[in-house]
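Here is a friendly set of exercises on reading a protein structure. Try each task yourself before you look at the solution.

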Amino acid sequence: MTAQPDLAANLDTVRARIAAAEIAAGRAPGSVTLVAVSKTHGAEAVAAALAAGQVVFGENRVQEAAGKFPALRPANPGLRLHLIGPLQTNKAREAMQVADVIETLDRQKLAAAIAAERDRTQRCPDLLVQVNVGREPQKAGIDPDETEAFVAACRGSLALPVTGLMCIPPVEDDPRPHFAWLAAAARRLGLAVVSMGMSGDFEAAIAEGATHVRVGSAIFGARPAPAAPIIPA
């Protein structure tokens with residue numbers, strides 16, 4: 001049996017690293033928000049993190065988030081859920097019901113679907129535009145050269161609450177130039193939120209201006225392995 005991670009100790013370690021990175025970068029203490037990425041981990045792991053004082057979480061899949069978080073909200077009114085995975089247009093309605101922040105707005109069709117649902121319910125999560133900073137064909141996100149026009153369209157004619165930018169740099173690249181570009185773009189566009197940096201590089205992201213870092217494995221441990229298929233005899 002795999003030993004369960006000590007979530008409280010892991011959270012303390014990550015928070016200490018964030019605080020040290022803030023100091024090293026000349027940032028104000030507490031200026032960086034930790035988004036604890038709980039994808040593939042069960043509701044009991046989220047509950048343990050909540051008991052350790054963590055209130056901001058990230059999930060990749062709408063269906064998984066919907067299965068965990070609504071039941072936890074009544075006892076945890078400060079809980080904030082960020083959706084950080086690619087979002088299908090036909091999942092926009094469900095995403096807007098479960099999330100406080102959607103970090104992966106990346107195309108006009110999705111923006112229109114979110115606006116339509118906002119008009120129907122008079123409710124909309126905060127939105128971040130995901131930028132494909134490495135221009136990787138297999139990865140979601142808007143092209144860097146199209147970011148300014150896309151943000152303007154979302155905030156203009158659609159009147160969507162776009163509050164920031166998000167990115168996932170190419171794994172083989174030095175992430176710091178990508179982080180620096182995203183932070184500069186957010187400043188240029190007057191956006192307050194810069195979501196970048198994960199377990200392996202969040203200190204570099206903080207040095208370049210991240211306001212939110214998305215940390216999963218350093219808190220929750222390795223993702224659970226998928227169950228082995230049952231082979232009929």
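**Strands side by side**

In the pairing of strands, M166 stands opposite S195 in β7. Before you go on, note that this is a predicted model, in which local features need pLDDT of at least 70, side-chain atom pairs count only at pLDDT 80 or more, and totals for chains, interfaces and linings use all residues. Residues are numbered from 1 along each chain as its sequence is written, and side-chain values use heavy atoms, with hydrogens and water left out.

**Exercise: the surroundings of β6**

Task: Find the strands that pair with β6, and decide whether β6 is enclosed or open.

Solution: 
- Start with the terms: helices (H or I, at least four residues) and strands (E, at least two) are DSSP runs, numbered from the N terminus. Two strands pair if DSSP finds at least two bridges between them.
- On one side, β5 and β6 pair in the parallel sense over five bridges, and V129 is found opposite L165 of β6.
- Next, β6 also pairs in the parallel sense with strand β7 (residues 193-195), over three bridges.
- Now follow the chain. β5, helix α6 (residues 147-155) and β6 form a right-handed β-α-β unit; right-handed means that, with the strands pointing away from the viewer, the path from the first strand over the helix to the second runs clockwise. A right-handed unit is also made by β6, α7 and β7.
- Finally, check burial, where buried means under 20% relative accessible area, exposed over 50%, and partly exposed in between (1.4 Å probe, protein chains only). Strand β6 (residues 162-167) is largely enclosed by the rest of the structure, because five of its six residues are buried.

**Exercise: a path through β3**

Task: Trace the chain from β2 to β3 and on to β4.

Solution: 
- β2 and β3 run parallel and pair over four bridges. In this pairing, G58 faces H82 of β3.
- Between them comes α3: together β2, α3 and β3 make a right-handed β-α-β unit.
- From β3, the chain goes through helix α4 (residues 92-98) to β4, again in a right-handed β-α-β crossover.
- β3 and strand β4 (residues 101-105) pair in the parallel sense over two bridges, with H82 opposite V101 in β4.

Task: Which residues touch the most other members of the largest nonpolar core, and which partner forms an aromatic pair with F57?

Solution: 
- A nonpolar core is a set of buried Ala, Val, Leu, Ile, Met, Phe, Trp, Tyr and Cys residues joined through side-chain atoms within 4.5 Å.
- The largest such core has 63 residues, and F57 and L105 touch the most other members. Helix α7 (residues 175-189) gives the most to this core, with six residues.
- Contact means heavy atoms within 4.5 Å. Leaving aside neighbours within four places in sequence, F57 is in contact with several residues, including V35, L50, F69, L81 and F220.
- For aromatic pairs, rings of Phe, Tyr and Trp (its six-membered ring) need centres within 6.5 Å; planes under 30 degrees apart count as stacked, over 60 as edge-to-face and the rest as tilted.
- The structure holds one aromatic pair. F57 and F69 form this tilted pair, at 5.8 Å centre to centre with 55 degrees between the planes.
- F57 lies in strand β2 (residues 56-59) and F69 in the loop between α3 (62-68) and β3 (80-83), so the pair ties together parts 12 residues apart in sequence.
- F57 is buried, with a relative accessible area of 0%, and F69 is buried with 0% as well.

**Exercise: charged partners**

Task: How many salt bridges does the structure hold, and which residue partners R17?

Solution: 
- A salt bridge is a side-chain nitrogen of Lys or Arg within 4 Å of a carboxyl oxygen of Asp or Glu.
- The structure holds 14 of them. In one, R17 meets E203 at 2.9 Å, N to O.
- This pair links distant parts of the chain: R17 is in helix α1 (residues 7-24) and E203 in helix α8 (residues 202-208), 186 residues apart.
- R17 is partly exposed at 30% relative accessibility, and E203 is partly exposed at 32%.
- Another salt bridge joins R80 and D126, with the closest N and O atoms 3.8 Å apart. R80 sits in strand β3 and D126 in strand β5 (residues 126-131), 46 residues apart.
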